[in-house]
Amino acid sequence: MKVAVFGARKYDVECLNGASIPAEKELKFTFLDALLDEVTVPLAAGHDAVCLFVNDICDANVVKKLRDLGVKFIALRCAGFNNVDLEATAQYGIKVARVPSYSPEAVAEFTVGMIMTVVRKYHKAYNRVREGNFLLEGLMGSNINGKTIGIIGTGRIGLLTGKILAKGFGANVIAYDPYPSKAAEEYGISYVETMDELLSRSDIISLHCPLMESTKYIINDNSLAKTKKGVILVNTSRGGLIDSYALIRGLKTGHIAAVGLDVYERESNYFFADSSSKVIADDTFARLLSFYNVFVTGHQAFFTIEALQSIAETTIQNLIDLESTGTCKFLVEA
């Protein structure tokens with residue numbers, strides 16, 4: 001099987017090439033710097049499968065072109081699949097697989113670190129000390145212990161984030177999810193009946209739900225109006241969960257005390273690339289970066305050795321199973 005790996009970085013090459021492949025199977029990877037879209041889709045010619053990440057564009061037009069090029073499989077090396085038109089893949093007979101869980105600990109631990117950063121202002125202290133400024137004014141934080149932290153979405157990442165905060169910090173962790181987990185109580189998490197209750201009670205809100213039509217802009221003007229003044233927001237899930245314009249309005253009025261973002265709704269133009277010598281043309285993103293109380297990282301939460309190894313192994317197994325049987329454990333269907 002020949003596989004075109006779009007948006008491949010050095011760590012993708014190392015992990016996919018380093019993963020074990022059964023002796024009787026043969027996978028040939030073509031590593032491409034470019035992301036998949038309508039312009040780059042011809043690069044998939046001569047391949048049986050394409051391997052994609054979160055910012056590749058695989059809409060209906062791209063799916064049709066992949067079918068015309070003879071591509072049979074799409075292997076996502078991530079959990080989310082909102083960037084793939086599943087109705088189109090079903091129509092054109094292309095099978096899609098994903099990696100639903102690679103290292104939930106990686107994202108949960110990063111999320112807690114991001115909460116601590118914006119609450120205790122680590123990033124500002126780091127810059128000050130490097131400049132020889134040891135004043136403490138402007139660095140006042142607050143305890144996590146005793147605070148009410150709202151978790152929106154209690155998949156494995158949400159549950160683990162809540163567990164660390166509840167068991168490790170002594171926070172009062174509440175959660176909302178249309179499909180509650182039986183493990184939540186064991187993890188020190190209690191469910192609330194409505195999203196409105198979570199919004200109104202939480203000092204800190206952390207997002208851990210997938211991006212779907214029902215969750216797009218789940219944080220907007222209306223939902224922010226229901227939160228406490230001085231609320232802190234953290235998003236390590238998907239950028240499209242937050243209406244960026246509403247977020248800016250909340251920051252400008254001072255209603256939102258601080259924000260931690262590892263994702264942004266139009267991140268594909270900047271993330272996973274070096275834009276240090278370019279002007280950021282996205283005015284909304286540039287405005288968010290200008291706030292002293294907004295901390296942004298470049299979709300880094302998943303980025304651990306353990307997670308990358310798990311992603312590579314599951315991706316390869318998905319491809320082997322798809323070729324052998326036409327299906328796999330982590331098949332994604334419309």
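Biologist: How many bridges join strand β1 to strand β3, and do they run parallel or antiparallel?

Modeller: Strands of a sheet pair through backbone hydrogen bonds, either parallel or antiparallel. This is a predicted model. Here, β1 (residues 2-5) and β3 (residues 49-52) run parallel, joined by three bridges. In that pairing, V5 stands opposite C51 of β3.

Biologist: In what order do the strands of the open sheet come?

Modeller: Six strands make up the sheet, in the order β2-β1-β3-β4-β5-β13. The pairing is mixed. At the edges are β2 (28-31) and β13 (331-332), each pairing on one side only. Helix α1 (residues 10-18) packs on this sheet and touches β1 and β2. The direction of α1 makes about 180° with that of β2.

Biologist: Now a helix. Which residues of α10 are buried?

Modeller: T284, F285 and L288 are buried in α10, which spans residues 283-290.

Biologist: What do the buried residues of α10 pack against?

Modeller: Their partners are α9 (244-252), β11 (256-261) and β12 (294-296).

Biologist: Which side-chain oxygen reaches the backbone nitrogen of T284?

Modeller: One from D282, at the start of α10. That oxygen comes to within 3.0 Å of the T284 nitrogen.

Biologist: Which annotation covers residues 9-332?

Modeller: The unreviewed UniProt entry lists "domain: D-isomer specific 2-hydroxyacid dehydrogenase catalytic" there. Over residues 9-332, the chain is 35% helix and 15% strand. The end C-alpha atoms are 25 Å apart.

Note on methods: Residues are numbered from 1 along each chain as its sequence is written. This is a predicted model: local features need pLDDT of at least 70, side-chain atom pairs count only at pLDDT 80 or more; totals for chains, interfaces and linings use all residues. Side-chain values use heavy atoms; hydrogens and water are left out. Buried means under 20% relative accessible area, exposed over 50%, partly exposed in between (1.4 Å probe, protein chains only). Helices (H or I, at least four residues) and strands (E, at least two) are DSSP runs, numbered from the N terminus. Contact means heavy atoms within 4.5 Å. A polar contact is a pair of N or O atoms within 3.5 Å; within protein, one must be able to donate a hydrogen and the other to accept it, and residues adjacent in sequence count only if both atoms are side-chain atoms. Two strands pair if DSSP finds at least two bridges between them. Axes are lines fitted to C-alpha atoms, for helices over the stretch in contact, and angles run from 0 to 180 degrees between N-to-C directions. UniProt positions are given in the numbering used here, feature names are shortened, and annotations may be inferred rather than shown by experiment.
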